[in-house]
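Please walk me through the fold of this chain, giving the general idea behind each feature before the case at hand.

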Amino acid sequence: MEHFSSNVFALLLLLISISLPSSEGTPAVGVNYGRVANNLPSATKVVQLLKSHGISQIKLYDADPAVLRALSGTGIKVVVTLPNEQLASASARPAFALSWVQRNVAAYYPSTLVHAIAVGNEVFVDPRNLTSYLVPAMQNIHAALVQLHLDGPVKISSPIALTALQSSYPPSAGAFRAELVEPVLRPMLELIRQSGSYLMVNAYPFFAYEANTDVISLDYALFRPNPGVLDPGTNHRYYSLFDAQIDAVFAALSALKYDDVKVVVSETGWPSKGDPKETGAGVNNAAAYNGNLINRVLSGNAGTPLRPTADLEVYIFALFNENQKPGPTSERNYGLFYPDEQKVYDVQFTFKGANGGGLRWEEDRGRHNKTGSSSSSSNNNNNNGGNVKGNGSGRLSERTTGETWCVANAAVGKKKLQAALDYACGEGGADCKEIQPGATCYDPNTVEAHASYAFNSYYQKKGRVAGTCDFLGAGYVVSQLPKIGNCALPTRY
């Protein structure tokens with residue numbers, strides 16, 4: 001049976017996907033550097049903070065000279081933004097667009113690695129009705145880049161909110177709003193395609209969860225193990241709300257015949273604090289969402305059900321809590337850091353430099369925080385596939401003292417499960433006799449179910465030592481007895 005080939009090469013490929021340096025075409029995580037606050041550190045200190053935490057890409061909401069100068073020579077990639085207030089001028093006057101690019105890009109490049117220009121931000125929802133200016137402004141900015149011979153290294157785009165979609169559920173029914181398609185979206189996508197750029201999308205599962213807590217589970221929103229949600233249009237099962245949102249965008253692009261256009265998630269995040277009515281806002285949930293997403297992207301598992309090989313580039317919102325942002329409490333509490341440069345929550349970042357780059361987050365699901373409350377707000381983190389049942393407490397960082405089991409995390413996809421299964425039953429030495437044809441635990445005959453049996457065998461044989469149920473994210477620990485069909489997983493070998 002192919003499950004049991006000793007495919008060490010496949011596992012090595014997974015390891016390589018983590019250790020390769022960040023570059024074009026490989027997964028990357030950046031951070032949005034917003035500055036709607038009166039108490040933030042200087043640009044020089046911010047750059048030191050970025051470097052100390054291995055943050056190698058940032059996105060600005062303007063082109064502040066102090067920030068661009070501070071970034072010079074650091075190797076940190078930066079996206080600059082032409083603010084919405086300047087769209088009309090850039091749209092009507094090619095000379096203005098050229099001057100803007102000269103002053104805000106050419107003057108700093110290549111010492112400061114400006115690699116993209118965001119022309120406006122969420123223009124379609126701006127109350128000033130600026131939509132008609134967007135495409136002409138993008139065209140003039142791109143023409144300026146061409147004139148200055150910067151159109152190769154510097155791309156143009158414009159972040160759109162998910163409100164640009166007419167429909168987003170199920171993901172396969174994703175479609176753009178009809179009134180935007182011909183006058184704006186199609187010419188914008190054509191420019192993006194012709195210039196080799198990408199569509200920027202701002203996606204916030206928090207908003208969807210907070211508005212629909214009766215039908216959306218928190219585990220589904222936070223990338224935690226869950227039963228998944230089936231899309232009847234494609235028969236794809238979704239294990240995260242983020243995937244469902246991004247695939248709705250991919251479906252909308254496909255409907256317009258722009259399947260080849262890459263998507264960059266220009267904003268996503270979760271607030272660490274909110275008003276009482278903002279269900280789900282909180283420190284633990286923010287740590288879980290951002291941490292799980294960062295881990296997933298940097299491990300090379302950034303594809304979605306509709307585009308499984310996509311290497312999504314993601315920008316977390318935001319670097320700091322911003323005390324002058326209007327709106328509900330959550331708006332001022334998306335930061336990874338306080339203005340004094342201390343972390344908002346206990347997330348560990350490891351700078352891998354040339355061996356990894358970007359952010360890495362060491363997740364601590366299932367252990368209690370300093371106040372004694374669990375980092376999971378749900379006791380029903382059910383496994384997400386393969387008919388394996390059990391309450392998941394996540395990966396444990398220390399040797400466990402009670403009975404625990406290791407099961408497969410179907411959210412990583414069958415390819416990675418198969419590679420990890422091959423390793424466990426091959427070089428890993430797991431006892432896989434019971435999942436061979438005709439044996440007690442062969443049914444259900446799925447990669448998820450067989451992987452759970454093999455992972456657990458390996459985990460138990462290794463004495464449930466920390467890290468032996470990781471399999472590069474393909475496994476996680478549960479504290480209630482799982483079952484594969486009629487087969488219970490043993491606790492001793």
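The dialogue below goes from the whole chain to its sheet, a pair of helices and a strand pairing.

Q: What should I know about the model and its numbering before reading any values?
A: This is a predicted model, in which local features need pLDDT of at least 70 and side-chain atom pairs count only at pLDDT 80 or more, while totals for chains, interfaces and linings use all residues. Residues are numbered from 1 along each chain as its sequence is written, and side-chain values use heavy atoms, with hydrogens and water left out.

Q: How many helices and strands does the chain have?
A: Helices (H or I, at least four residues) and strands (E, at least two) are DSSP runs, numbered from the N terminus. On that basis the chain comes to 13 helices and 18 strands. Buried means under 20% relative accessible area, exposed over 50% and partly exposed in between, with a 1.4 Å probe and protein chains only; of the 493 residues, 56% count as buried.

Q: In what order do the strands of the open sheet lie?
A: Two strands pair if DSSP finds at least two bridges between them. Here 9 strands follow the order S5-S4-S3-S2-S1-S13-S12-S9-S6, with parallel pairing. Strand S5 (155-157) and strand S6 (160-161) are the edges, each pairing on one side only. Within the sheet, S9 (residues 198-202) and S12 (residues 262-268) are joined in the parallel sense by 5 bridges, and Leu-199 stands opposite Val-263 in S12.

Q: How are H5 and H6 oriented to each other?
A: Axes are lines fitted to C-alpha atoms, for helices over the stretch in contact, and angles run from 0 to 180 degrees between N-to-C directions; under 35 degrees counts as roughly parallel, over 145 as roughly antiparallel, 65 to 115 as roughly perpendicular and the rest as oblique. The axes of H5 and H6 come within 8 Å and cross at roughly 55°, and the two helices are therefore oblique to each other.

Q: Which residues of H5 and H6 meet?
A: Contact means heavy atoms within 4.5 Å. Pro-94, Ala-97, Leu-98, Trp-100 and Val-101 in H5 meet Asn-140, Ile-141, Ala-144, Leu-145 and Gln-147 in H6.
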